[in-house]
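I opened this notebook to keep track of what I looked up, one place at a time. The entries below follow the order in which I went.

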Amino acid sequence: MLVSQLKKFHTVTTTYATTLKECVGTSNLRRAKTVHAKLIKTSDFESDSIFINNHLMNAYVKCGDISDGHKVFDEMPEKNVVSWTVLIAGFVQKNFPTEAVSLFSDMHRSSISPNEYTFVSTLHACSFAESLDLICALQVYGLIIKLGFESNVYLVNAFLTGLIRHGKLDEAIRLFEGCLYKDIVSWNAVLDGYLKFKCDDIPRLWQRMIREDVKPDEFTFATALTGFAELSNLEIGLQVHSLMVKSGHAIERCVGNALVDMYLKNRRLDEGFRAFDEISTKDVCSWTQMAAGCLNCGEPIVALKVFDEMSRAGIKPNKFTLATGLNACASLASLDEGQKVQVFAIKLGDEIDVCVENALLDMYAKCGCMEGALRVFRSMKERTVVSWTTMIMGYAQNGLSENALEIFEEMTRVEGEKPNHITLICVLYACSQGGFIDRGLEYFSCMGSDYGVVPQEDHYACVVNLLGRAGRIKEAEELILKMPFRAKSGVVWQTLLGACRAHGDVGTAKNAARRAFEIDESDASTYVLLSNTFADSENWSCVGKLREWIENRDIKKMPGSSWVEINNDR
């Protein structure tokens, strides 16, 4: 009779356990709660409480109800290592690492010893918890060694990951080198650490993996390719691509995205497109990366074509896509295309952020539509120093210097926003463009005291331009000579040279050119400016000598370019 009852009860509890597993598989929280209600009504529920309660708690936790899972845990009359481990793992999975570590401490104080699964979850918790330092992970690993689990590769990998997340790459490498057993996760952890902290060592680690016949997985390929993209190492990147194809990982999206990135960072746009076309299922990251790569390779028109293809493919753009599209429109000064991208931004609503709005400001400014830029600027809920700087520069470049300075005064005096060094370059440029000499000199003189910005070479170049436009050539030259640092480029002297040409001061022009040559004698801009200065004064002999000198030294002038739109084609 007793055996019969036990068999019947075992069948019932096994059925409930199976049902709860199904709830986990389908994330069906409502069904799990129904099972819980039935269990409460079952008179013999307590007879096998640990077994069924563990399944019940697991169902709650895996279905996202960590609170009710915790209640089940607290109400359990008995707990075993599975009970503690399920809840600790649940806290980690639901992003409550501090609570997971606290629960592990409670478990350690109880009579129940953790197993390897408990330790894995706890080490992950130590890695993710911002409020916990590395000491926590070290203490847990010390207990792992004490209990004899130090040869468990899963625990070593978890600790390895924890060390790297805390920025302890050297300690992680020592642990890795001392491991008797390494799997691909171990190698991937170190590879990821190098990517974060020591990118230059990725080629060496990759070559070692090949020598030791380690079989890469998709994470290995994606991480290695990302590293070689950062290093612009096309040679080894090509080797990785070849091995990737042989091992059958070429069709995976994360690997495909990394491969595209590697080609784009090496400015190999055609190969990047071929790799992009081979990605079977492209996501928004794939498309955005391709568009951004086109833009960085100097192909804004192609970038917009990618954006259009993405729209036709039914992929919803994100804020990074929109910023890329707007930057492409700004590069082309194409207001019509920019406003089309703006429609997508409006549809995203609250999903866009200040970076997208700043890109929109820049697009309007570079298209010469400051009324549109001002509308966007006034509608922004949040403005950063980039927002203010973009408006100031936009007004200055579009011949509205007074408006630029008004925005700057609003920024600093009304809103109390602190300008950075780029903002002040734009302000000085606005003063130069508008002929506001005294105001420009005043801003320059109080940069350090009022705004905490020490004048750098670009600021001096702006003031030299300001004085040069007003014909105050000697004053501009004296300013350069009194700079408290040595110029790293010839910009300040070239700026003075340009002013000398405008006012016919050939003597100072020669001195400015000589100074610029001392810094960089291969810069074609200096030769062109000096040659034009001689030409303006009809000194054709010197013009001829300069041109001969340029040809003999094979100095190339960067050609200018412009866009012409005919019937919507450029």
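**Entry on Leu 160.** I noted at the outset that this is a predicted model. I looked up Leu 160 and found it in helix H9, which covers residues 153-165. Its relative accessible area is 0%, and since buried means under 20%, I wrote Leu 160 down as buried. Setting aside neighbours within four places in sequence, I listed the contacts of Leu 160 as Ala 172, Leu 175, Phe 176, Ser 186, Ala 189 and Val 190. I also checked Leu 160 against Gly 468, and these two are 308 residues apart in sequence and 60 Å apart in space, C-alpha to C-alpha.

**Entry on helix H15.** I then turned to helix H15, residues 253-265, whose 13 residues reach 18 Å from the first C-alpha to the last, close to the 18 Å expected at 1.5 Å a residue. I found H15 mostly covered, with 10 of its 13 residues buried, among them Asn 257, Asp 261 and Tyr 263.

**Entry on Ser 334.** Last, I looked up Ser 334, which lies in the loop between helix H19 (319-332) and helix H20 (335-348). Is Ser 334 buried or exposed? I recorded Ser 334 as buried, because its relative accessibility is 5%. A polar atom of the Ser 334 side chain lies 3.5 Å from the backbone nitrogen of Glu 337.

How values were computed: Residues are numbered from 1 along each chain as its sequence is written. This is a predicted model: local features need pLDDT of at least 70, side-chain atom pairs count only at pLDDT 80 or more; totals for chains, interfaces and linings use all residues. Side-chain values use heavy atoms; hydrogens and water are left out. Helices (H or I, at least four residues) and strands (E, at least two) are DSSP runs, numbered from the N terminus. Buried means under 20% relative accessible area, exposed over 50%, partly exposed in between (1.4 Å probe, protein chains only). Contact means heavy atoms within 4.5 Å. A polar contact is a pair of N or O atoms within 3.5 Å; within protein, one must be able to donate a hydrogen and the other to accept it, and residues adjacent in sequence count only if both atoms are side-chain atoms. The expected span of a helix is 1.5 Å times one less than its number of residues.
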